[in-house]
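Here are my notes on this entry. Please read them with the model open.

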Amino acid sequence: MKRSKPFKVLVIPILALLSFSAVAQDQDTVQISLDKAVQLSMENSKQLKIAQSKILEAEARLVQSRHQQLPQVGLSGAYLRVNSPDINLHFNPAASSSGEGGGESSSSVPEVSQAMYGTVNLTQPIFTGLKIKNSIEAAGYLKRASELNAESQKDEVLLNTIAAYYNYYKLSATRQLVEQSLEQARQRVTIFTNLEKNGVITRNDLLKAQLQESNLELTALDVDNNLAVANFELDILLGLPEETQLEIDTLQFQNRPEQLQALAYYLEEAPANRPDLEASQNLEKAAESRIKVTQGDYYPSLALTGGYIDAYIPNLVTVTNAVNVGVGVQYNLSGIFTTHQKVQEARAQQQQQTLQTELQLDEVKKEIFRDYAAFQKSLKKIETLKVASEQAKENYRITQNNYNNNLALITDLLDAEVAQLQAQVNALQAQADAQLSYYQLEKAAGLLNTDFSNQN
């Protein structure tokens, strides 16, 4: 028997859905809450591990700066092999002391074939124009900036995790609504098939019902595909095996978002709680310290020096306990002409960093205002879509009544069903978007990481 085209359209999506369900059953299923997702993302984030390595790098530079205060000790030594040179002394010390006449000496010269020596030098900086002190301060500010940048990265990872989690929830909940509508459409097709066989309805009405079922099948396929992608990305983000199938707690999404404080509250909290702003302030302080380091070139360097020499040349000389102690002064006269320009360069860099900090603060204020307005809008959107969902539900009920009483066409009924499904999806997503918008505002004010730390 030759199958009709609507039947083919119906079978293909069903087979695809069955294949997807079979694959999903073979995967490990893990139920995960938002708090657990945040914990896993913090533990496994490669972005945070990179930030941590930058902290270690800055800490190593700080230690190097501190080591400049310590004595600089140098040790050197050598063992030399020499040939037997031809030496003709024109001055004979022995003859001169005995009053004998000059002339070329034929006295024997010690045979030297090797030589050994060793030296130890110590230099202790006493005054370097405060360059060491200011270098340590600059390195300390940079280390602190690295730590604060890592904290800022935590906020980014945290918000990305929340956004991915909410996106997965929206897709999961949408899939449930589509599945309910799809089941209803299948039942309608079954009923219409029997009615068409008995001549109660026309073939055209049956085809419209089948088309509605096929469209819902395609919608379900799209949602399933997006859901699989979101699941995979969330697995990667949380550091879970890529084949892990996630189930999330939907009860936490049924609560309304928290009510906001006044806008002024978030604007006041941001400068004290945003780690990226504090990091910029530390970079500004580091730039100020670099100015002082450069200004140190205006002054001479003073250091305490000491050394020890030990040498041995067989058949000629032995030197032991040769100790020297003194004070060394160094001043680069030619550097006077370039130091002024270097100081001007450092001051320009410091001014740039100051303006960058102010610009960043302005951007944070705008971000807070945008997120605050977005959250207010999301609350109003929830109420509007809630009413729209109730209206669509009532419209579908009335249209179905009218259709049953032959007062409406099948097209009207199917359109009402689609409108009801869309309204339900919109209301569900608006609820999740409002909660995500709330977390975005908390992040903008620097309160997001604190909130989750208190929960844990």
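Which residue's side chain does a polar contact join to that of glutamine 435?

1. The partner is tyrosine 166: the two side chains are joined by a polar contact of 2.7 Å. (A polar contact is a pair of N or O atoms within 3.5 Å; within protein, one must be able to donate a hydrogen and the other to accept it, and residues adjacent in sequence count only if both atoms are side-chain atoms.) Glutamine 435 sits in helix 10, residues 410-444. Its relative accessibility is 7%, so glutamine 435 counts as buried (under 20% relative accessible area; exposed is over 50%, partly exposed in between; 1.4 Å probe, protein chains only).

2. On provenance: this is a predicted model, in which local features need pLDDT of at least 70, side-chain atom pairs count only at pLDDT 80 or more, and totals for chains, interfaces and linings use all residues. Numbering starts from 1 along each chain as its sequence is written, and side-chain values use heavy atoms, with hydrogens and water left out.

3. Helices (H or I, at least four residues) and strands (E, at least two) are DSSP runs, numbered from the N terminus. Four strands make an open sheet, order 2-3-5-6, with antiparallel pairing. Strand 2 (72-81) and strand 6 (317-330) are the edges, each pairing on one side only. Neighbouring strands are turned by 10 degrees against each other on average, direction ignored. Pairing requires at least two DSSP bridges between two strands.

4. Strand 2 and strand 3 (residues 114-127) share ten bridges, and leucine 75 stands opposite valine 120. Eleven bridges link strand 3 to strand 5 (residues 301-313), where leucine 122 faces glycine 306. Strand 5 and strand 6 are joined by twelve; alanine 311 has valine 319 as its bridge partner.

5. Strands 5 and 6 form a hairpin with three residues between them. Check asparagine 315 in the turn: its phi is positive, about 70 degrees.

6. Helix 8 (residues 275-295) packs on helix 9 (residues 336-404) at about 170 degrees, axes 9 Å apart. The pair is therefore roughly antiparallel (over 145 degrees; under 35 is roughly parallel, 65 to 115 roughly perpendicular, the rest oblique). Axes are lines fitted to C-alpha atoms, for helices over the stretch in contact, and angles run from 0 to 180 degrees between N-to-C directions.

7. The contact (heavy atoms within 4.5 Å) includes Leu283, Ala287 and Ile291 of helix 8 and Val343, Ala346 and Leu361 of helix 9.
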